[in-house]
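Good morning, everyone. Please look at the screen while I walk you through one chain.

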Amino acid sequence: MRPGIRSLPVGVERHVVDGGQLIVVDIEAGDLVRVTDLEGCQGCELVAADGGGRIDAGILGRKANAAANGVRAALSADIESARVVRRGLERRKIDVAEARCLRVFSDDSAAGSSADFKVERNGLLIVCAPGEAMRPHQQTTSTAIELRITRAKPRRKSGSRHGLPEPLA
């Protein structure tokens, strides 16, 4: 350990999803997923899909409660991370055109608000911090969402079949 450098326990992964963007990670049955609204007032969309590409919020033990408009908007952006995620979803035959998501947090959520989920089946998780570029006369900037996954079966650092999350690969 080094002073000032955060360390996580074995089996815990931390990812930051920037405002207006998304991230894709593999999840396995028994994993614990926590999303945190770091600065407040930032919605978060979660889309889970099984190995066959079928979208099902039941993988997270919940029912979808909204259209995945933020995910679709983030995927349509003309930036490299969105292109990488689009290619990854196409490769896995996951179509989000009509997808519904599990939406957590809202425009009035407090900073540090979090939501926890236990993964019921193996699959893929898309986490999106939806938002648009801030207009000069408004104070509606998109902010980051933190994703923490506590793995039921911690992964080895070397020789793992799992790589980095899609936008970083």
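Predicted model: local features only at pLDDT ≥ 70, side-chain atom pairs only at ≥ 80, totals over all residues.

Let's start with the overall layout. The chain has 169 residues, and 44% of them are buried. Buried means under 20% relative accessible area. There are two helices and nine strands. Walk along the sequence and you get β-β-β-β-β-α-α-β-β-β-β. Now take contacts between residues at least 6 apart in sequence. Of these, 85% join residues at least 24 apart.

Next, the sheet. Which strands form it, and in what order? Five strands form an open sheet, and the order is S2-S8-S4-S6-S5. The pairing is antiparallel. S2 and S5 (66-67) stand at the edges. Each has a single partner strand, so one side of each is left without a neighbour in the sheet.

Let's go through some of the pairs. S2 and S8 run antiparallel and are joined by six bridges. There, Val-24 stands opposite Ile-126 in S8. S4 also pairs with S8 in the antiparallel sense, over five bridges. Find Leu-46 on your screen: Val-127 in S8 stands opposite. At the other end, S5 and S6 are antiparallel too, with two bridges. Ala-67 has Arg-100 in S6 as its bridge partner.

Is S8 mostly covered or mostly open? Mostly covered: six of its six residues are buried.

Now the helix H1, residues 69-76. Its buried residues are Gly-70, Val-71, Ala-74 and Leu-75. Look down the axis of H1. Those buried residues fall within an arc of 135°, so they line one face of the helix. What do they pack against? The answer is S2 (22-27), S4, H2 and S8 (123-128).

How do we look for it? Rolling a probe the size of a water molecule over the atoms shows where empty space is left. The structure holds one cavity of 30 Å³ or more. The volume of the largest cavity is about 30 Å³. Its lining is Gly-20, Gln-21, Leu-22, Ala-74, Ile-79, Ser-81 and Ala-82. By type, that lining has four nonpolar residues, three polar and no charged.

What is the lining made of? Three residues are nonpolar, ten are polar and five are charged.

Take Cys-41. Cys-41 sits in the loop between S3 (32-37) and S4 (44-49). Its relative accessibility is 46%, so Cys-41 counts as partly exposed. The backbone is worth a look as well: phi of Cys-41 is near 60°, a positive value in a residue other than glycine. Why point that out? Most residues other than glycine have a negative phi.

Now Asp-107. Asp-107 lies in the loop between S6 and S7 (113-118). Buried or exposed? At 65% relative accessibility, Asp-107 counts as exposed, because the cut-off for exposed is over 50%. Asp-107 and Thr-140 are 33 residues apart in sequence. In space, the two are 9.1 Å apart, C-alpha to C-alpha.

Lys-93 is not a glycine, yet its phi is positive, about 60°. Where is Lys-93? Look in the loop between H2 (80-91) and S6 (100-104). Lys-93 is exposed, with a relative accessible area of 65%.

Let me recap. The open sheet has five strands with antiparallel pairing.

Conventions: Residues numbered from 1 in each chain as written. Heavy atoms only, no water. Helix = DSSP H or I, 4+ residues; strand = E, 2+ residues; numbered from the N terminus. Buried < 20%, exposed > 50% of the residue type's maximum accessible area, 1.4 Å probe, protein only. Nonpolar A, V, L, I, M, F, W, Y, C, P; charged D, E, K, R; others polar. Arc of directions from axis to C-beta. Contact = heavy atoms within 4.5 Å. Pairing = 2+ DSSP bridges. 1 Å grid on protein atoms, 1.4 Å probe; cavity = no way out; pocket = protein on both sides within 12 Å on 5 of 7 lines; lining within 4 Å. Points joined across faces, edges and corners; volume = space filled by probe spheres on them.
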